[in-house]
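Please look over the sequence and the model first.

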Amino acid sequence: MGMCWCVCFNDFSKQFSGFSSLIAAESFNYKKFFEMVGLKKKSPEDVKKVFHILDKDQSGFIEEEELKFVLKGFTPEGRDLSDKETKALLAAGDKDGDGKIGAD
C-alpha cells in the first residue's frame, strides 16, 4: 500500500510534478515537503497509517534506513534521500534523541 492512499490527495502526482527536491540531489526540505503533503492537517489516524507504511520492519519506530526511501513512497519518480537529508529529516522527527522516530 502506497502513502498516496493515506494522505488522500485527488491527483497526488500532479502536486509533485513541480517539486524539484524529488529529483535534485541535496535539495530536500522536510518543512516544505510536510507542508506539500499536508501532514500537519491530517487526522491522528491518517498520520499513524503513514507511520506504519514507513515503518517497513514493523519495529514500532522509523529508523534512518527507512527514511532514506520516503520520497519513493509518495511517487515512483522519487529519489533516495542523501545521508545528510536523511539525518536532517530524522532529527526533525526524533523527539527523544534516540536516533529513531516513534509513533507518538
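Where is Gly60 found? Gly60 is in the loop between α4 and β1. The structure is a predicted model, in which local features need pLDDT of at least 70 and side-chain atom pairs count only at pLDDT 80 or more, while totals for chains, interfaces and linings use all residues. Residues are numbered from 1 along each chain as its sequence is written, and side-chain values use heavy atoms, with hydrogens and water left out.

**Overall layout**

The protein chain has seven helices and two strands. Both kinds of element are DSSP runs numbered from the N terminus: helices are H or I over at least four residues, and strands are E over at least two. Read from the N terminus, the order is α-α-α-α-β-α-α-α-β.

Of the 104 residues in the protein chain, 36% are buried. Buried means under 20% relative accessible area, exposed means over 50%, and partly exposed lies in between (1.4 Å probe, protein chains only). Among contacts between residues at least 6 apart in sequence, 56% join residues at least 24 apart; a contact means heavy atoms within 4.5 Å.

Gly60 counts as partly exposed because its relative accessibility is 32%. Leaving aside neighbours within four places in sequence, Gly60 is in contact with Phe51, Asp55, Ile101, Gly102 and Ala103. Gly60 and Gly102 are 42 residues apart along the chain, and their C-alpha atoms are separated by 6.5 Å.

Gln58 lies in the loop between α4 and β1 as well. With a relative accessible area of 53%, Gln58 is exposed. Phi of Gln58 is near 55 degrees, a positive value in a residue other than glycine. Most residues other than glycine have a negative phi.

**Separations along the chain**

The table lists pairs of residues with their separation along the chain and the distance between their C-alpha atoms.

| Pair | Apart along the chain | C-alpha distance |
|---|---|---|
| Ala92 and Tyr30 | 62 residues | 8.2 Å |
| Lys31 and Leu89 | 58 residues | 9.0 Å |

Ala92 has its place in helix α7 and is partly exposed, at a relative accessible area of 28%. Lys31 lies in helix α3 and is exposed, at 59%.

**Aromatic rings**

How many aromatic pairs does a search of the whole structure find? The search finds three. Rings of Phe, Tyr and Trp (its six-membered ring) pair if their centres lie within 6.5 Å; planes under 30 degrees apart count as stacked, over 60 as edge-to-face, and the rest as tilted.

One of the pairs is Phe28 and Phe33, a tilted pair at 5.4 Å centre to centre with 55 degrees between the planes. Phe28 and Phe33 are both buried. Phe33 and Phe34 form another tilted pair, at 6.0 Å centre to centre and 55 degrees between the planes. Phe33 has a relative accessible area of 2% and is therefore buried, whereas Phe34, at 27%, counts as partly exposed. Phe28, Tyr30, Phe33 and Phe34 form one aromatic cluster.

A ring also takes part in an arrangement with a charge. The charged end of Lys100 sits over the ring of Phe61, 4.3 Å from its centre. A charge sits over a ring if NZ of Lys or CZ of Arg is within 6 Å of the ring centre and within 35 degrees of the ring normal.

**The largest pocket**

About 870 Å³ of space lies in the largest pocket. Its lining has 34 residues, and the closest to the pocket centre are Phe34, Leu39, Val47, Gly93 and Ile101. A pocket is an open set of points on a 1 Å grid over the protein atoms alone, where a 1.4 Å probe fits, with protein on both sides within 12 Å along at least five of seven lines; lining residues have an atom within 4 Å of a point. The volume is the space filled by probe spheres set on the points, which are joined across faces, edges and corners.
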